[in-house]
Amino acid sequence: MKPNPTILHAAVNVMSTTARDVRPDFDASIASVNHNGLSQAVWARRGQQITDKFPEDDNIKIRHVQRGGFWQFEAVVDVQQREVFLLMMHDNLKALQKRFKANGYCHHYLFSLLRLNPEAKSEQQSLFQLDEDEEAAREKDCDNILGEFAGEIDRVYVVAFDYAESLPTGGAVYLLDQNGSTIESIDISDMLVDQEETTEEDSLGTDPVKRPSESTPLVKLKIKKA
């Protein structure tokens with residue numbers, strides 16, 4: 001498991017954008033007394049940011065995927081490594097894993113894309129066997145999501161983040177099996193610390209104030225296996 005560090009650093013930067021950052025523009029251009037749609041605006045901002053990071057990169061491409069009439073997500077494609085990265089909140093990932101385990105087949109885009117990942121290793125993880133129609137629908141949806149990259153991707157990673165009071169507090173990149181169970185994960189919370197320190201240097205100059213070590217999130221790289 002060796003996810004592209006350039007993409008991971010970009011993900012950390014983009015997912016550090018929260019409602020706190022978007023709300024002033026939302027209040028000025030949409031409404032200051034009604035914040036319906038603010039969450040979608042945050043994801044729209046993140047989608048623009050991740051796209052702007054790789055404007056003319058031949059090795060990293062951004063897929064803008066429409067789901068229904070009201071939702072769009074961005075998939076980051078590592079063309080050379082034949083991998084796709086999905087950005088997500090940790091709570092949402094956990095909820096999806098529970099749904100996949102309980103129901104087997106699911107129409108969510110993550111489930112469709114996970115058909116590209118390794119099969120479940122144990123019978124307990126393979127409780128649900130998809131019938132031919134479900135497998136065909138999953139494959140078709142996966143190809144539609146990938147568009148021009150259909151047939152060119154071998155692996156899907158999920159980069160998920162935790163938040164508290166509109167601030168990112170931790171992150172990890174996950175390799176899941178086809179049923180959504182975790183095969184392996186790498187803690188990337190240290191990149192959030194690096195992001196904070198870089199921002200502080202930009203704003204304070206070459207001699208930034210050092211943050212107390214006890215106030216930072218976990219910084220050690222950890223690899224977990226299911």
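I shall begin with the strands, then turn to one glutamate, the aromatic pairs and the salt bridges.

Please note at the outset that this is a predicted model.

Let us start with strand E3, which covers residues 83-89. Is this strand mostly covered or mostly exposed? Six of the seven residues of E3 are buried, and the strand is thus described as mostly covered.

E3 has a partner in strand E2, residues 71-78, and the two run antiparallel, with four bridges between them. Within that pairing, valine 76 is found opposite phenylalanine 85 of E3. E2 and E3 make up a hairpin, and four residues separate the two strands. In the turn of that hairpin, arginine 82 has a positive phi of about 60°.

E3 also pairs with strand E4, residues 155-164. Here the sense is parallel, and the pairing extends over seven bridges. Leucine 87 is placed opposite valine 159 of E4.

I turn now to glutamate 74, which is part of strand E2. Which side chain of opposite charge is nearest to glutamate 74? That side chain is arginine 63, at a distance of 9.7 Å. Glutamate 74 is buried, yet a salt bridge is absent. The cut-off for a salt bridge is 4 Å between a side-chain nitrogen of Lys or Arg and a carboxyl oxygen of Asp or Glu.

Another, of 2.5 Å, joins glutamate 74 to the side chain of glutamine 72. Setting aside neighbours within four places in sequence, the residues in contact with glutamate 74 include Gly47, Ile50, Thr51 and Phe85.

Let us move on to the aromatic residues. A pair of aromatic rings is described by the distance of the centres and the angle of the planes. How many aromatic pairs are there in this model? The count comes to five.

In one of them, the rings of phenylalanine 73 and tyrosine 109 have centres 3.8 Å apart and planes at 15°, so this pair is stacked. Because phenylalanine 73 lies in strand E2 and tyrosine 109 in helix H5, residues 109-113, the pair ties together parts that are 36 residues apart in sequence. Both phenylalanine 73 and tyrosine 109 are buried.

A further pair consists of phenylalanine 85 and tyrosine 157; with ring centres 5.2 Å apart and planes at 35°, the pair is therefore tilted. It links distant parts of the chain, since phenylalanine 85 is in strand E3 and tyrosine 157 in strand E4, 72 residues apart. Phenylalanine 85 is buried, at 0% relative accessibility. Tyrosine 157 is likewise buried, its relative accessible area being 0%. Elsewhere, ring pairs connect Phe100, Tyr105 and Phe111 in a cluster.

My last topic is charge. Side chains of opposite charge can pair when their charged atoms come close. In this model, the count of salt bridges comes to seven.

Aspartate 25 and arginine 45 form one of them, with their closest N and O atoms 2.7 Å apart. Aspartate 25 belongs to helix H2 and arginine 45 to helix H3, residues 38-53, so the pair ties together parts that are 20 residues apart in sequence. Aspartate 25 is partly exposed, with a relative accessible area of 44%, and arginine 45 counts as partly exposed at 27% relative accessibility.

Aspartate 141 forms a salt bridge with arginine 67, the closest N and O atoms lying 2.8 Å apart. This pair links distant parts of the chain: aspartate 141 is in helix H6, residues 132-146, and arginine 67 in strand E1, residues 60-67, 74 residues apart. Is aspartate 141 buried or exposed? Aspartate 141 is buried, with a relative accessible area of 16%.

Glutamate 139 and arginine 115 also meet in a salt bridge, at 4.0 Å from N to O. Glutamate 139 lies in helix H6, and arginine 115 in the loop between H5 and H6, 24 residues apart. Glutamate 139 is partly exposed at 37% relative accessibility, and arginine 115 is partly exposed with a relative accessible area of 23%.

Finally, let us return to the hairpin turn.

Thank you for your attention.

How values were computed: Residues numbered from 1 in each chain as written. Predicted model: local features only at pLDDT ≥ 70, side-chain atom pairs only at ≥ 80, totals over all residues. Heavy atoms only, no water. Buried < 20%, exposed > 50% of the residue type's maximum accessible area, 1.4 Å probe, protein only. Pairing = 2+ DSSP bridges. Lys, Arg positive; Asp, Glu negative; His and termini not counted. Polar contact = N/O pair within 3.5 Å; in protein donor to acceptor, adjacent residues only side chain to side chain. Contact = heavy atoms within 4.5 Å. Phe/Tyr/Trp six-rings, centres within 6.5 Å; stacked < 30°, edge-to-face > 60°.
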